[in-house]
Structure formats: structure tokens, C-alpha cells
Amino acid sequence: MSTAAAIMDKNQATDASVIDAPPALTDGFQLVIDALKLNGIENLYVVPGIPISDLLRMAQGEGMRVISFRHEQNAGNAAAIAGFLTKKPGVCMTVSAPGFLNGLTALANATTNCFPMILISGSSEREIVDLQQGDYEEMDQLAIAKPLCKAAFRILHAQDIGIGVARAIRAAVSGRPGGVYLDLPAKLFSQVMDAAEGARSLVKVIDPAPAQIPAPSAVERAVDVLKGAKRPLVIFGKGAAYAQADEEIRSFVEKSGIPFLQMSMAKGLLPDTHPLSAGAARSLVLKEADVVLLVGARLNWLLSHGKGKSWGAPGSKKFIQIDIEPKEMDSNVEIVAPLVGDIGSCITALTNAIDGDWTPPPADWVNAVAARKEANIAKMAPKLMSNAVPMNFHGALGALRRVVQERPDAMLVNEGANTLDLARGIIDMQQPRKRLDVGTWGVMGIGMGFAVAAAVESGKPVLAIEGDSAFGFSGMEVETICRYNLPVCIVIFNNNGIYRGTDVNPTGKPDPSPMVFVPGSRYDKMMEAFGGVGVNVTNPDDLYRAVSEAMGSGKPTLINAVIDPAAGTESGNIGSLNPTSSVRKMPAAE
Ligand code: ADP
Ligand code: TPW
Ligand code: MG
């Protein structure tokens with residue numbers, strides 16, 4: 001029972017005997033907590049301080065799980081990925097101005113990735129902020145948040161808390177999910193109101209993300225295009241993983257027999273080892289397919305905007321797209337059959353439409369994909385067995401691949417450049433929503449926030465595979481991982497730098513190259529500092545053993561995997577995006 005309800009109960013019990021008992025009261029603190037709990041929000045990802053410290057103490061007192069981070073960006077990233085995993089908005093709470101700004105990167109990133117989250121920040125008093133009179137941590141936070149998220153609201157009166165929280169929740173998860181900012185000025189928390197009236201003012205959001213059924217004519221159009229295909233391909237994106245329509249998707253793929261690709265965070269929606277998975281024949285299918293069905297995947301840079309060399313001859317493709325956001329259609333190329341609706345409803349409509357009236361894709365197409373896939377897998381296999389010391393990426397990832405094969409329910413977090421691109425290709429996923437990574441922006445710094453939330457939300461062991469640079473962006477949260485005793489095993493691919501550890505300062509002066517770190521760093525010692533397990537490994541067998549043990553024990557562990565500093569390539573597999581100039585030769589390239 002909430003404190004407010006307890007006060008009310010006590011009052012009702014004594015009402016009869018004590019005639020002039022004061023009315024039961026509640027306040028802004030309590031109403032915020034009650035409103036969140038009423039809507040099934042159980043976890044808060046936070047950094048405390050004025051004016052939210054008491055709110056967080058009370059929330060914990062009332063049974064919410066309050067995970068307190070060392071930096072708001074990590075708390076925000078945790079909330080964002082909690083939203084992706086659960087389809088409920090993840091909630092991050094911060095203090096005003098600097099805390100708010102620290103959380104804002106995560107809010108913008110969540111919006112970019114279509115993850116539902118709510119950033120709730122305490123703020124200074126309106127009348128002082130608006131006259132710019134220099135309040136403690138003064139900032140017009142609402143105005144700053146607005147362009148960076150899907151919706152932004154401010155609550156000024158305790159009686160509006162119920163509606164304000166309800167609006168934030170609905171805005172985050174309905175339609176295309178995204179980030180929402182909720183501004184709570186300090187004064188709101190101490191506002192007092194009648195408890196019964198307060199309880200009545202709360203709103204439980206009904207059907208926050210209603211099904212959006214595609215128009216029958218749009219389904220018919222899409223099926224016509226699919227039926228005309230000789231070399232069809234389906235591409236699943238993280239929207240398809242988010243939608244939690246796993247069975248509907250499996251049934252469509254198996255009924256249609258169409259080869260599929262899964263974008264990074266969609267991997268495992270169907271097992272990467274599925275006979276129709278074209279993951280290991282990516283360049284072939286992108287080039288050769290004549291009809292491409294996009295399911296919760298945007299034609300952004302990650303798919304070369306649907307055009308250019310990787311997509312084969314210009315005009316050689318027809319695109320069908322399933323997305324809940326109508327504006328996404330024709331964003332980069334013409335979509336000949338747009339299917340606007342939620343993925344579950346759209347995919348089910350397609351499956352029903354082809355049921356009993358479908359010719360599977362021509363065997364020469366399916367066989368060509370299978371043949372290319374097998375050839376590529378065979379080519380990769382010996383590299384993954386490499387026992388070279390110092391380790392290269394393939395040898396180390398071969399060891400981690402085995403661990404993930406043996407633990408299909410484990411969560412995987414992944415960031416870096418080479419560490420990301422190679423792990424994505426090499427490590428097969430078996431189950432949906434297990435692979436969490438840098439997403440649409442390719443942002444470094446999601447690692448520890450994602451790892452914490454993955455552990456908290458799923459209760460499963462987490463393996464975080466981190467470039468040494470990538471880890472540095474959120475590394476202090478190893479203390480958080482130890483403090484909450486979370487089953488997180490971090491493996492740092494330590495190649496002494498960004499992409500590589502071999503760059504030098506061309507002037508010969510003592511400053512190191514901007515691309516390298518202290519050589520031979522021992523990140524494992526950081527974990528030991530907080531009571532976790534630290535291990536230093538130099539070969540794939542030891543790496544496999546150390547990770548298996550950590551995943552089995554659930555003890556917070558950091559494994560410093562020593563990688564050949566010369567092993568990586570510039571920018572991983574997106575080096576072509578680096579601007580180049582014909583009048584300059586970069587020292588790194590010499
Ligand atoms: P990826 O990076 O994996 O290619 P994107 O983030 O580019 O994926 O695309 C995800 C797409 O999924 C977005 O356009 C978003 O609007 C869409 N989406 C998210 N949830 C749903 C849903 N439930 N139904 C339909 N589309 C969805
Ligand atoms: C917020 C730019 C992309 S990848 C990367 C940086 C700094 C680090 C690569 O080194 P790492 O991996 O992690 O050691 P590896 O295996 O190749 O050596 N700031 C932000 N986001 C991005 N993407 C960058 C900078 C970047
Ligand atoms: Mg590195």
C-alpha cells in the first residue's frame with residue numbers, strides 16, 4: 001500500500017471517533033511515485049541530488065527498484081534500452097541543468113533509435129528561470145529538450161501529475177516509439193493536496209500502443225508485388241524486434257520461404273542459423289534481390305539509403321515497407337507498396353493473404369543464397385579457430401562465439417569499431433532482443449548503461465563486448481555493476497586504442513597520437529577496485545574459460561583481453577565514411 005493510501009486508511013478508521021480529524025493529505029512526491037507505479041513502471045534509472053533525492057528515497061521505500069548511476073548519460077541509456085526490451089517506457093530521473101543535459105544525449109539517442117523512454121528532470125522555479133534571475137542550476141530545460149525528443153511536457157500543479165505522467169507514457173510508446181521529456185519544477189514535489197482527490201487524479205493509461213491495422217488495399221498491393229518477385233528478400237530491423245511479434249514473424253518467413261537479413265539489433269529474431277537466414281550472403285542478396293520487404297528497418301545509412309553500388313543496378317529493385325510511421329515511406333527511394341501499421345498486424349495480414357495461394361521463391365534463388373552463405377561460413381571458420389598470441393579479433397571472437405552458442409538466453413551488449421563490426425558478423429544470435437548495440441547513430445558510450453538495464457530487466461547474465469575506447473565512455477559504471485551485484489561480464493578488446501594502438505605523433509614530440517591509449521593498460525584492475533572479479537587474458541582458450549566461468553557464476557567480472565595493437569582497421573567496416581582530401585596524406589595511413 002502506498003503511503004498516501006495508508007494515511008487515507010488510517011483517517012477513515014478514525015473518522016468516526018475523531019470528529020475534527022484533519023483531511024488526509026498527499027503531496028507531489030507521492031503522486032509522482034503513485035502515477036508511475038499505477039502504470040506498471042517498476043524500475044528507475046537515476047542520479048540523485050536536488051530536487052529529486054527524497055523522491056528516489058521514497059520510491060525505493062515503496063518497492064520500486066532504483067538503480068543509481070555515476071553519470072546521467074548511463075542512467076539514460078539504461079532507461080532507453082529498458083524501453084526497447086519491455087515495450088514500456090524506461091524512466092530516467094536526473095537533477096536540473098547539468099544533470100538534465102547529461103541525460104539529454106541518451107534521450108536524443110533513444111528518439112533516434114525509436115526506443116520509448118521518459119527523461120524526468122527536476123528543474124528550477126519558472127518565475128526565476130523566465131526572468132533569468134540566476135536560480136540554482138537555472139535552465140529552460142523544456143525548451144532545450146523539445147527539439148531532441150518526441151514530446152516534452154511540464155507539470156506545474158500536483159493535481160496534474162496523473163495526467164502529465166499518462167501523457168508522457170502514451171507519447172513514448174504509441175505510434176513510432178521515442179523519447180519524452182517530463183519537466184518537474186522543484187516546487188511541484190512539496191505541493192500538498194487532498195489525498196482522495198489526488199488518488200482520483202491519477203490516470204492508468206489504457207491501451208497505450210494500440211494495434212494499427214493496415215488497410216486491406218495496401219496489403220493486397222504488397223502481396224501482388226511479392227508474388228511477382230523472382231528473387232525476394234525480407235529485411236528485419238530493430239523495429240521488428242521491438243514489436244514482440246516473434247511468432248507472427250516466424251510463421252510468415254516459414255510460410256513464404258523468403259530468405260531474410262536481420263539488422264544488427266534484430267539478429268536472433270529468427271536464429272542466425274535458420275536455413276533461410278542470408279546473413280552470411282549479405283552482399284549477394286542486397287545486390288541481386290528484385291523485391292525487398294523492409295520490416296521495421298529504415299533505409300538509412302546502415303542500408304546505404306537503398307541505393308548505390310551495394311544495391312545492384314539502378315532501378316533493379318522494388319521495395320515494400322512495413323512501418324508504423326507513415327512519413328518513413330519514400331524517405332530515400334520509392335516504396336511501391338507501403339504498409340503502414342504495427343508489425344504484428346501487418347505481418348499477420350501478409351501471412352493470411354498468402355496462405356493457400358503462394359508459390360515459394362524459385363529454387364535457383366534460394367539455392368544461390370545458400371551456396372554463397374556456406375562458402376562464406378567455410379571461409380571464416382579457420383579464422384575463428386586462430387590461437388595466435390597476441391590475439392587477433394577473429395581468434396578472440398571465436399572463443400566468445402562458443403560461449404554465446406552455449407548460452408542462447410544470455411544478453412549481449414556490444415560497442416567499439418572493429419570490436420563491434422566483427423562481433424556482429426561472427427556471433428550468431430539464437431533468440432530475439434538479446435543483442436543490444438550502438439544503434440542508428442553508432443554511438444559510443446551505451447555499454448555499461450545497456451549492460452545494467454539488460455541485467456535488471458531480463459534477470460539473465462549479460463556479456464558486454466567492448467572496444468577499449470568504447471568502454472571508456474561509461475567505464476565508471478563498473479562500480480554500479482558491483483554495487484548492485486549484477487551478473488555482468490565485460491570483455492574489453494584491448495588493442496591500445498581507437499581502431500588500433502599503433503598510431504604515432506608525426507612531429508616526434510612526446511604527446512601520443514590522439515588515437516592511442518596507455519599501452520598495456522589493465523582494465524581488469526578497475527573491477528577489482530570495487531570488489532568484482534578481474535582477469536587478464538592473452539589467448540582464446542583462457543578467454544573462453546574466463547567468460548564461461550563469469551557467465552556461470554553471475555559475479556561482476558571484467559576481462560582484459562589483450563589484442564594485437566596492429567589488428568584493427570580504420571573505423572572498422574565503415575572507413576569509407578571518413579572524409580578524405582586529395583592534398584593531404586594522414587600520418588595514420590603511412
Ligand atoms: P534498424 O536500425 O535495425 O535497421 P531502424 O531503427 O532503422 O532499424 O528502424 C526501426 C523502424 O521500426 C522505425 O522506422 C520505426 O518506426 C519502426 N517501428 C518501431 N516499432 C514498430 C512497430 N511496433 N510496428 C511497426 N513499425 C515499428
Ligand atoms: C559518442 C567515434 C567511433 S568508434 C570509436 C570512436 C571513438 C572507438 C573505437 O575504438 P574501440 O574499438 O572502441 O577501442 P576498436 O576495436 O576498433 O579498437 N564519440 C561518440 N560516438 C562515436 N561513435 C565516436 C565518438 C568513434
Ligand atoms: Mg580499441
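**View 1. The shell of residues around ligand 2.** In this predicted model, ligand 2 is surrounded by 17 residues, counted as near when one of their heavy atoms lies within 4 Å of the ligand. Asn 418, Thr 419, Gly 442, Asp 468 and Ala 470 are the closest. By class, the shell holds 8 nonpolar, 8 polar and 1 charged residues; Ala, Val, Leu, Ile, Met, Phe, Trp, Tyr, Cys and Pro count as nonpolar, Asp, Glu, Lys and Arg as charged, and the others, Gly among them, as polar. At least two shell residues come from each of α18 (418–426) and α20 (468–472), and α20 contributes the most, with 3 residues. Helices (H or I, at least four residues) and strands (E, at least two) are DSSP runs, numbered from the N terminus.

**View 2. Polar contacts of ligand 2.** A polar contact is a pair of N or O atoms within 3.5 Å; within protein, one must be able to donate a hydrogen and the other to accept it, and residues adjacent in sequence count only if both atoms are side-chain atoms. An N or O atom in the side chain of Thr 419 is 2.5 Å from an oxygen atom of ligand 2. Polar backbone atoms also take part: one of Gly 442 is 2.8 Å from a nitrogen atom of the ligand, and one of Gly 497 is 3.0 Å from an oxygen atom of the ligand. On its own, ligand 2 has 590 Å² of accessible area, of which the protein covers 76% (Shrake-Rupley method, 1.4 Å probe; for residues, only the protein chains shown count as cover).

**View 3. The magnesium ion (ligand 3).** Asp 468 (OD), Asn 495 (OD1) and Gly 497 (O) are the protein donors, lying 2.1 Å from the ion. Donors are N, O and S atoms within 2.8 Å of the metal (3.2 Å for Na, K and Ca); water is not among the atoms, so sites may look incomplete. Along the chain the donors follow the spacing D-x26-N-x1-G. Asp 468 belongs to helix α20 and Gly 497 to the loop between β17 (488–494) and α22 (524–529), so this pair ties together parts 29 residues apart in sequence. Asp 468 is buried at 3% relative accessibility, and Gly 497 is buried at 3%; buried means under 20% relative accessible area, exposed over 50%, partly exposed in between (1.4 Å probe, protein chains only).

**Numbering and criteria.** Residues are numbered from 1 along each chain as its sequence is written, chains are lettered from A and ligands numbered from 1 in the order written. Local features need pLDDT of at least 70 and side-chain atom pairs count only at pLDDT 80 or more, while totals for chains, interfaces and linings use all residues; side-chain values use heavy atoms, with hydrogens and water left out.
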